Amino acid sequence: MAKSHILGFPRIGADRELKKAIESYWKGDITKTELESVGKTLRSKHWQQQIDAGLDFITVGDFAWYDQVLALSATLGVIPARHQEETITLDTLFNMARGSSPCCGQQAAACEMTKWFDTNYHYLVPELNEDQQFALSYNQLIEEIQEAKALGFPIKATLLGPLSYLSLSKTNSDFDKLALLPQLVTTYKQLLANIAAEGIEWLQIEEPILVQDLTSDWKKAFTTSYAELSQGTNKLLLTSYFGALGDNAELTFSLPVNGFHIDLSRAPQQLETALALLPADAILSAGIVNGRNIWRNDLATSVSSLQQAKTQLGERLWIASSCSLQHSPVDLDNETKLDAELKSWLAYATQKLTEISSINAVLSGINSEALATQFERSTAVVSSRATSTRIHNAAVKARVAAITDQDAQRHSEFTKRIVSQQQELNLPLFPTTTIGSFPQTSDIRQTRNQFKQNVISQDQYITKMQAEIKDVVTRQEALGLDVLVHGEPERNDMVEYFGELLDGFAFSKNGWVQSYGTRCVKPPIIFGDISRPAPMTVAWSKYAQAQTSKLMKGMLTGPVTILCWSFTRDDISREEQTNQIALAIRDEVVDLEQAGIKVIQIDEPALREGLPLRSSEQQAYLDWSTKAFRISASGVRDNTQIHTHMCYCEFNEIMPSIAALDADVITIETSRSNMELLSAFTDFSYPNDIGPGVYDIHSPNVPSVEWMTQLITNASEYIDVARLWVNPDCGLKTRGWQETEAALQNMVTAAHNLRDTFSHKA
């Protein structure tokens, strides 16, 4: 019988046990031993679930305390000098991820974070230098293999491949990263030998960059590297996902490995090519169950689509998830909030294990009453979803169809708008603001929970939230910020909040997925056409504005980000879903302006994230996604200032499209990169105002006045000071008030110092 397996399982736990344990460890509430015990318990539980579901292997190596790329960096000894210690420990990894406390007057900045391909997962970017040395230095993978062996599980190990690791890294100078490849491959060979020494037959070696555009040098590097890596005793399952191999297919299937995994959820059309190119005796792992979304698999269709492959390959056809299931929530059985019909349409990671096993069983000729019932239920669910009256709204479809180019244009060009805005807003040089959210205290969360559970009335809830908003406004006035925000106490999440107020969305209670480190989110589920039945933020912003004579900024999440950070429909295009959201946000923007809000921020941190991985597909996406943003923002007068916020992305790759958003002010993350990201804005001659983040909100460290002053001084080398704003690099909801106020006070002081310095120069 052929094999069934997954590429990885969510490590956070069904109740986010890992998140809670790590944060308790950071607070000093539990010991490292207690933390490690939680990790061990979770791993054992998840491995057992895979076996209980009928899979043939468990996957070992998918667990990480913070991020799998960070764990690999530690394994390879890639530790930045500022974080180097005599021995690499778990605390070393946490310091790299969060920044370490000041030592001898110096602060060790956290490693840069960016998006994992086109997902909302963030990884810690490895930092390489020209004389980089690689050496096996951290033994987590081998220890977990030994742990699984002791429990008697059949093991398939997993490891990010050397080419993808190198590609995802950054360098501290301009040199060819491929020059480091020979030594890196040597270190990999040592690691593979250690894995083989543990008696592990199969190693899933992941090279997701194979679904991207590769230069001839990188293609050649694959050939030479895998010629060496294949000399060991490991059986290598070369793994790609998030798209089609495309023009890399011939290269991929020419490599001397024992098996190949392809993503048939994102790219079902590549099966025919794979069958034509697959070497004799090689395994083909078919990623037929979607690891990125939550819709139940159409089991009968999956079996039908793989029937030819099964006939041709027999037991050489393995059945798998398309990618790691870490991008799915853990267990649908824990959901109590979803209605029965909607819940019947869904499958979380635990349910996907059974789907994979069942597809493999039927393809292998196994017949049972339980399997027949499961397939009948799957077919009925697919039909139910397709015909449900909850999905389609004729009025929404008609409004989207009526969109014109004029709907996506402001009345005047930026050069004219900014003059009008300067007269209206009367802001100083280096105006200060924040990105939107302020600390979400336990009292705030408790109040929201009490309201949702009907413990307190709506009037009581509003009174408590207004008191919190008033306090936030008072604190900001005391700090001396120029453009204030209401702090967003009513918002559990920047996407979930809006989805709860829009038609066409549904919400889980326990649909948590990892975004980065211990940050988990519950993506909304887009199941139907989207519209705004009523204003969503106007009352809160209007109340906040009434508490101050300073400018109050309205805070919204943009249409592309709402799309990318939701579980989307698979029956209509992403473009159509985004335009539906854009029209809903446009209505909110117009209502905020009419309520007297003169500055409105529409966050689009996911714009780069949604970019297709192939260059040939990117411009079409950028055209409709930037147009959707402009649709959301263009219903206001010239003197209303539109801000947007973006973070953790490679700006230089999409600068024309960032400019095409035509936001009056863009705030971005630059603190971890020491303002280096601004070079992209300079090279492109970006025309509008910019707020480069000077405060890394993902670190508990409080940056000094001198640190932030220097960062903005660095920024002034790239951007005219008349166009510079001063702000943190992201929202502050995850921070505590003490550190937040200290950091913002330093930020405001830095801005005042800069005003004095540059006004004297003028």
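Start by selecting Ile288, which sits in strand E13 (residues 283-289). Helices (H or I, at least four residues) and strands (E, at least two) are DSSP runs, numbered from the N terminus. What you have open is a predicted model, where local features need pLDDT of at least 70 and side-chain atom pairs count only at pLDDT 80 or more, while totals for chains, interfaces and linings use all residues. Residues are numbered from 1 along each chain as its sequence is written, and side-chain values use heavy atoms, leaving out hydrogens and water.

Is Ile288 buried or exposed? Ile288 counts as buried because its relative accessibility is 12%; buried means under 20% relative accessible area, exposed over 50%, and partly exposed in between (1.4 Å probe, protein chains only). Now show the residues around Ile288. Setting aside neighbours within four places in sequence, Ile288 is in contact (heavy atoms within 4.5 Å) with Leu264, Asn297, Ser302, Ser305, Leu306, Ile319, Ala320 and Ile359.

Next, select Leu306, Trp116 and Tyr226. In the largest nonpolar core, which has 100 residues, these three touch the most other members. Helix H7 (residues 181-197) gives the most to this core, with 7 residues. A nonpolar core is a set of buried Ala, Val, Leu, Ile, Met, Phe, Trp, Tyr and Cys residues joined through side-chain atoms within 4.5 Å. In soluble globular proteins, nonpolar side chains tend to be buried together.

Zoom in on Trp116. Beyond neighbours within four places in sequence, its contacts include Gln68, Tyr121, Leu160, Pro208, Phe242 and His327. Another core, of 89 residues, lies apart from the largest one; Ile562, Cys647, Ile697 and Val726 are among its members.

Now move to Asn492, in the loop between strand E15 (483-484) and helix H19 (496-501). Asn492 counts as buried because its relative accessibility is 18%. Not counting residues up to four places away in sequence, Asn492 touches Arg448, Lys452, Tyr497, Glu500 and Lys733.

Finish with the cysteines. How many disulfides does a search of the whole structure find? The search finds 0 disulfides, a disulfide being a pair of cysteine sulfur atoms within 2.5 Å. Cys323 is buried, with a relative accessible area of 0%. Cys520 is in no disulfide either, and its nearest cysteine sulfur, that of Cys730, is 16 Å away. Cys520 is also buried, with a relative accessible area of 5%.
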